[in-house]
Amino acid sequence: MSAPNRFSSFSRRLVVAGLLSLISFGTVAQERVLDAPRAAGTVGERYDGYAVIRDQARAASVAQLVERVNAERRKIYAARAAAERVPIDQIGRVYAAEIFKSAPPGTWFLQESGRWVRK
């Protein structure tokens, strides 16, 4: 069975449960630090679960923040991927869906097609 097929709905529920528990222990703070740059349109979210700078003119002011948030996310995704024995990108995509749900209105999201959409 290929790795994508092993990522069952049960596994997805475990990821979501893990996400919710992580949110209560610090990921919320991580997400909250992105609220202002996301509201300004400077930072958006990608289909793969990582934050991305949208406004290159203001990149210098948020680059370290985005790098820090993405490093923390990468740790979370890697740990979950190892536990689930699936590729890390699958985990990122599941988390991206949860980020979309919890992000405030007006947040920009980069789709896999390269198109930006606003929540």
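1. The side chains of Asp35 and Arg38 are joined by a salt bridge, with N and O 3.0 Å apart. The model is a predicted one, and the distances and angles in this note should be read accordingly. Both Asp35 and Arg38 belong to helix α2, which covers residues 9–39. They are three residues apart, about one turn of the helix.

2. Arg38 has a further partner in Glu45, and the salt bridge between their side chains has an N to O distance of 2.8 Å. The pair also qualifies as a polar contact between side chains, at 2.8 Å. Is Arg38 buried or exposed? Its relative accessible area is 2%, which is under the 20% cut-off, so Arg38 counts as buried. Glu45 is likewise buried, because its relative accessibility is 1% and the limit is 20%.

3. A salt bridge also links Glu84 to Arg80, the closest N and O atoms lying 3.9 Å apart. Since the cut-off for a salt bridge is 4 Å, this pair falls within the limit. Glu84 and Arg80 are both in helix α3 (residues 59–84), at a spacing of four residues, about one turn of the helix. Glu84 has 16% relative accessibility and therefore counts as buried, the limit being 20%. Elsewhere, salt bridges with shared partners connect Asp35, Arg38, Glu45 and Arg73 into one network. In total, the structure holds nine salt bridges.

4. Helix α3 deserves a point of its own. It consists of 26 residues and spans 35 Å from its first C-alpha to its last, close to the expected 38 Å. Its buried residues include Val62, Leu65, Val66, Val69, Ile76 and Tyr77. Asn70, Arg73 and Glu84 are also among the buried residues of α3. After the helix comes Arg85, which has a positive phi near 60°.

5. Which strands make up the sheet, and in what order? The sheet is open and has four strands in the order β2-β1-β3-β4, with mixed pairing. The edge strands, each pairing on one side only, are β2 (51–53) and β4 (116–118). On average, neighbouring strands are turned by 40° against each other, direction ignored. Helix α3 packs on this sheet, where it touches β1 (43–46) and β2. The direction of α3 makes about 165° with that of β2.

6. The pairing may be followed strand by strand. β1 and β2 run antiparallel and are joined by three bridges. Glu45, the salt-bridge partner of Arg38, stands opposite Ala51 in β2. Four residues separate β1 from β2 in a hairpin, and Gly49 in the turn has a positive phi of about 90°.

7. How do β1 and β3 run, parallel or antiparallel? They are parallel, and two bridges join them. Here Arg46 stands opposite Leu110 in β3. Strand β3 (residues 108–110) is in turn connected to β4 by three bridges, and these two strands run antiparallel. Within that pairing, Phe109 has Val117 of β4 as its bridge partner.

8. Arg38 lies in α2 and forms salt bridges with Asp35 and Glu45. The network that holds these residues also includes Arg73, one of the buried residues of α3.

How values were computed: Residues are numbered from 1 along each chain as its sequence is written. This is a predicted model: local features need pLDDT of at least 70, side-chain atom pairs count only at pLDDT 80 or more; totals for chains, interfaces and linings use all residues. Side-chain values use heavy atoms; hydrogens and water are left out. Buried means under 20% relative accessible area, exposed over 50%, partly exposed in between (1.4 Å probe, protein chains only). The expected span of a helix is 1.5 Å times one less than its number of residues. Two strands pair if DSSP finds at least two bridges between them. Axes are lines fitted to C-alpha atoms, for helices over the stretch in contact, and angles run from 0 to 180 degrees between N-to-C directions. Contact means heavy atoms within 4.5 Å. A polar contact is a pair of N or O atoms within 3.5 Å; within protein, one must be able to donate a hydrogen and the other to accept it, and residues adjacent in sequence count only if both atoms are side-chain atoms.
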